[in-house]
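Dear colleague,

Please find below the structure that I am handing over to you, together with its sequence. My notes on it follow directly after.

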Amino acid sequence: MNNLWKSLYRSRVYTRNNALVYGKVWSASASSSTTETGVPKEPIVIPTRIERSPTDILMALSATVGFDPTAPHYKYHDDPYLIPTSNANKKTFALAQEAGRKAAHWIRQENANLFQHNEADPPVQAFVPTMVYTEESKVETTDLQKLIESVEVKDAILVYNLLKKNGIEVGEGLKQQLLELVCFYNHEDTLPEQFIEERWFRQGTVGRERQRKTWKDFELAEELFHGLETKRSEHYCAMIRGMSRFFQVEKAWALYQETIEKGIELDTNTFNCLLHIASFLKESYDKRWDLVCEVMTTMKQQRLRPNLGTLNGILQTVTTIGGYNHPRTYALKTLAEFKKLGIEPSLASWYYMLVIFCRERGPVSHVLHDIMNEIEGKEFTIQDPKDTFFFVTAMDVCRNHLHDKELAKRVNQLLHHGENYNLIGDSYKESIYYRHYFTLLATTEPLESFLDTYHLLVPNVYTPEPSVMEDILRSVEMNTAIEHIPLLWSHMVQFDHTNRENLLNLLLHIMVTNEPTVNEPKHADLVERFANIAWDMWNRMEERAAAPRATTSTGMPGPMLGDVLLLCARAGDYEKASAVFTKLSKEQNTIVGDPRVDGLREFVNLCITNRTPSMAIQCLQYCSENGYPESVDIGRHIFNSFALDQTQISKMRSLAGAEAVKPAAAKQDVDGSE
């Protein structure tokens, strides 16, 4: 395969080079030649070579197929037994696969002497082991330049210290580049670009962390800055941006004041960073807005033109201002001013507007309708890190603030327009987005319409969390659509929801209270399938209780066991029903709660059908020992349904009293009806 690619590559280069050579000759000769009619021939022009990225071919092929939500993600093996369906398994699978790649990188790096051959022509730099620097390494300024360009922060710091130790002079320009590098990354190496899965799953956790100072004081950045004899604007800009990025707000503001005193002008992006930390510099809401106005005034004095970052910096500060009227006034005034400047808001700007207008305890605002009217049908690219917050916040507003399913569908349509799905953010935001969307549809849409969306997106695009699955089950219960229960149970097994007792309780309750109609075609085999589901639940909880690290050793509580007993008895499965009742009877002192009497009655009827009086009397004994008031009725029903011997009659008399063993004029059922 490698030889095939090499031959194709060489033939392409040969053809291209020859085309260029012969094209020039042909062009020169053709320009002077004419046709027989005297019309000059059109010269051949070879187009300029277009640089392509490594994934351009794959993207072109993907565009011909389109997006298929029913297919698993390409990163998973195309095998039904290997494709993960639960959220935990998806994360584990992707990170384990990436851990394998990281292990391969480590082996290549640790055994660099074994990887000196070149597999690719021209060589692929990513396949070549990286240079290892130690305290004994002999380095030059070119090494430092390469490390800065490849964004290897720790190695760059080590090489700079080695250069300084060896007395090798580093130029001012190179020092400035190093200063910008360590300020932007805070002296730490960033995660390599190729490890996208770790980024995808890590960002959701990082984004939820409380913002706090993480700037490393008195490290190389401050050493470089204070070691400069002449501090220019770019030096102050790098320091202020770095300190603002990692919330060293006091020092950043002090440096800003120093530039004002010395008359040093800054650039627009540095002022934008100061706007982003305004809420950390002032406590009162009025002073925060005054600080914003002060920074903007300074920008005007320095003849700097604001940009999109300026707009978003102001709006972010406005989101921290309390109350309802003042933040809205400030936000609308800001948007109007920037509109005059011709600066279009990004999705981050609209995200801030949603935060300002749609507050949890504030009045209802329909600003999202206005925003959608403005941006609907457009395709966006990321311009601000907070652009990825728009879609999840908009869906949250649709669900919790407005309860508007039609608006939610418009937001979802915008997300899937063009390449807008790239702005969904990370795995955490994607999960929260669909959680809001599914919950809203499950509670407002007709069930069949909702299930169309459900089957389209589950489980390859989205795996419902337990709270969403509960809403779906309640919708099924409300619509008495019990024919969907077997499918939903199979999905609960796939999604690892079988350890959620609230979901199992709800599912059992739906199956118990909605007995399938025999004459209904779609309910034909539901009685038996419900019994199998209940039996599967019981086995899973028993296995979990018997596990070495189980938190409980009792398994199912009494009420759930009673429901399982009822469903098995309804299906006429005497063997399974007897196993459940035996569990109830033998461990009644350890099982939490008592089963409902309906299950015990149904089990007695099953014993009568199967002509097992001894088991029926055991059920009566259980009812008597646990104080069920229906014991007399159950005993009378057993007495009238079996031909009992004197020993059995005596036992029943001791359990349920003399009333239970009196012959009845008419045979009665358990519930007392004739």
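Into which domains is the chain divided? The division gives domain 1 (345–458), domain 2 (464–543) and domain 3 (574–664), with bounds that come from an automatic or database domain assignment. Please note that this is a predicted model, in which local features need pLDDT of at least 70 and side-chain atom pairs count only at pLDDT 80 or more, while totals for chains, interfaces and linings use all residues. Residues are numbered from 1 along each chain as its sequence is written, and side-chain values use heavy atoms, with hydrogens and water left out.

I turn to domain 2 and domain 3. Their centres, taken over C-alpha atoms, are separated by 28 Å. In contact (heavy atoms within 4.5 Å) are 4 residues of domain 2 and 4 residues of domain 3. The two domains bury about 420 Å² between them, 67% of it on carbon and sulfur atoms; buried area is the accessible area (1.4 Å probe) that two parts lose on being put together, summed over both. Of the area that domain 2 buries against domain 3, W535, W538 and E542 supply 84%, more than any other three residues.

E542 also takes part in a salt bridge with K583, side chain to side chain (3.2 Å, N to O). The term denotes a side-chain nitrogen of Lys or Arg within 4 Å of a carboxyl oxygen of Asp or Glu, and the count between domain 2 and domain 3 is 1.

Over the whole structure, the search finds 26 salt bridges. One of them joins the side chains of K251 and D217 (3.2 Å, N to O). This pair links distant parts of the chain, 34 residues apart: K251 is in helix 10 (residues 249–262), and D217 is in the loop between helix 7 (196–208) and helix 8 (220–226). Helices here are DSSP runs (H or I, at least four residues), numbered from the N terminus, and strands are likewise DSSP runs (E, at least two).

Two backbone features remain. V458 and P459 are joined by a cis peptide bond, with omega about 0°; P459 is found in the loop between helix 21 (447–457) and helix 22 (466–478). N186, a residue other than glycine, has a positive phi near 55° and lies in the loop between helix 6 (172–185) and helix 7.

With kind regards
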